Structures are given as C-alpha cells and as structure tokens.
Amino acid sequence: MKCPHCETAINTNWTTHFIYKDNEEMYLDVIEAGKEIVYGHCPECNKLIIWLLSSNFIETYKDNHGNVDGHYIKKDSPYNEVIIFPKFSIKTVAPEVPEKYDRDYKEAAAILDISPKASAAMSRRLLQTILRENYGVNKGNLNKEIDEFLGSNKVPSYIIDALHYIRVIGNFAAHPDKDKNTGKIVEVEEGEAEWSLETLDALFDFAFVQPAKNESRKKKMDEKLVELGKKPLSNL
Ligand SMILES: [Zn+2]
C-alpha cells in the first residue's frame, strides 16, 4: 500500500484489535457483525495509519479444549476496509508550487470523498486564480479565461486537453454558475471533481515545476560557460 501521509509505497507491521461490545467476545461465534481496528506506523515518515475492517462474520479459532483463542474476519463475506486515520489522504504537491495554491489544492483533495461538489468548486476557483495571477487573463468567466489562456501561450497539448475536458465533463454549458461564479457549490458530473484535481496537477507541473527546473538547468549551463571563460547566455 501507499502511505496516506507521505505517499511512499510501504510494507509495515500491523496490529489488530477486534471491537467488542461489553462481553460479546464469548459469543463471537454467533455474532454476525465483525469490526476490526488495524493500525501501524509508516516506516518512512513514522506517522500513524489506522484502518477499519468490517464484514458480516467473525470466525473464531479454538484451542484443543474448545476455548476461543482468536478471531478473524472472513474476507469472503461482504467485506470492507477503509483508512480512518489520517481522515483524508494527503496529496503531495511539488515544492515549486506556491504555498497559497498548495494549501487550496490539498483542501480540495481532502474533501473529495465527502463532498465532490465542494471539492470541484474549490478546484475551479483555484484554476481560475492561477490563470488570472500567472497568465493575466481576466474575462470575468472561467470559460472565456480558459480560451484566452489557451490562445495566448505555448500551452502543451496535455494541458489543452485537460482544460477542454474540464468544460465538457463539468458540462459548463448546462451549468452557467460553474464558469461565472467558479467557487459556487453546484451539482457535479460523474468524475468531474477528480478530473479537476488532475488538471490542477498538470497545470502545477506546467506552470511552476517545469519552469523552475528549466531555470536551474540554464543557471548550471551558464556557470559552466563562465568556468570555461565564456560569456553566460543569461544574466547570472
Ligand atoms: Zn509515510
């Protein structure tokens, strides 16, 4: 699994506890509901992860004398496992992304499961803010601002596609509020909230990560030129 805190692929030791009501434990073989808390620490970031496992059955192990000496959840019955801590998985954002955008993005990601509508509204608002603050577009509505952004920049095709999909998946034509009042919480279409976050991922990479990498590459090459007694291509 991937650690929900640091997103590293991890293999850890889990401790399990069945959840009993009072003295139910002694009747476990007849009880038809099973819940189990499983927890462990990420070996990378050392943070706590807690799962809730549930099913319709608990089966018991008995020793030679017929005494219950252990239980397990039957995974073939209706079976469910969810991470209950951290409450929401925390998406990582590249360090090149300005902090104010990073914060809004993580919030939109954190509420994705409990409110896709609110998450999509936050993503739309953030998308609009990034376009306005970094590309000087300001047409009063997101739809036109996306057009302006796509028309005025050397935007790679994966960004063009992602932004078109946002309008199509979100069915902007049928929901004028989505582009006029971007932060308004309105109905979402299937997959819209997830797609909005993925589009922000792509935009972060294009707008902040790649330019920063490019700058640092240029700086290194210029330093090399100076070392060789040549004139740098840009002002160091
Ligand atoms: Zn971790």
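**View 1. N46 in the loop between β2 and β3.** N46 lies in the loop that links β2 (34-41) to β3 (48-55); helices (H or I, at least four residues) and strands (E, at least two) are DSSP runs numbered from the N terminus. This is a predicted model, in which local features need pLDDT of at least 70, side-chain atom pairs count only at pLDDT 80 or more, and totals for chains, interfaces and linings use all residues. Residues are numbered from 1 along each chain as its sequence is written. The phi of N46 is near 70°, a positive value in a residue other than glycine. N46 is exposed, with 10 other C-beta atoms within 10 Å. A residue is termed buried if 20 or more other C-beta atoms lie within 10 Å of its own, exposed if 12 or fewer, and partly exposed in between, with C-beta atoms placed from the backbone.

**View 2. The open sheet β1-β2-β3-β6.** In this order, 4 strands form an open sheet with antiparallel pairing. β1 (15-18) and β6 are the edge strands, each pairing on one side only. Neighbouring strands of the sheet are turned by 25° against each other on average, direction ignored; the axes are lines fitted to C-alpha atoms, for helices over the stretch in contact, and angles run from 0 to 180 degrees between N-to-C directions. Within the sheet, β2 and β3 pair in the antiparallel sense over 8 bridges, and Y39 has I50 in β3 as its bridge partner. Two strands pair if DSSP finds at least two bridges between them.

**View 3. The hairpin of β4 and β5.** Strand β4 (residues 58-62) runs antiparallel to strand β5 (residues 68-73), and 5 bridges join them. Y61 stands opposite G70 in β5. The two strands, β4 and β5, form a hairpin with 5 residues between them, and G66 in the turn has a positive phi of about 85°. Confidence in the protein is lowest in β5, at a mean of 77, and highest in α2, at 94; pLDDT is the predictor's confidence in each residue, from 0 to 100. For the protein, the mean pLDDT is 86, and 92% of residues reach 70 or more.

**View 4. The cis peptide bond at P86.** P86 is placed in the loop between β6 (79-85) and α1. The peptide bond from F85 to P86 is cis, with omega near 0°.

**View 5. The largest nonpolar core.** This core has 29 residues, and those with the most contacts inside it are Y105, L126, I130, L200 and F204. Two or more core residues come from each of α1 (99-110), α2 (116-135), α3 (142-152), α4 (157-169) and α6 (192-227). A nonpolar core is a set of buried Ala, Val, Leu, Ile, Met, Phe, Trp, Tyr and Cys residues joined through C-beta atoms within 7 Å. Leaving aside neighbours within four places in sequence, I130 is in contact with Y101, L203 and A207; contact requires C-beta atoms, placed from the backbone, to lie within 7 Å.

View 6. L142, E145, I146 and F149 are buried in α3. Seen down the axis of α3, the buried residues fall within an arc of 105°, so they line one face of the helix; the arc is that of the directions from the helix axis to the C-beta atoms. The face turned away from this buried side carries the exposed residues G151 and S152. The cover over the buried residues of α3 includes α2, α4 and α5.

How values were computed
Contact = placed C-beta atoms within 7 Å.
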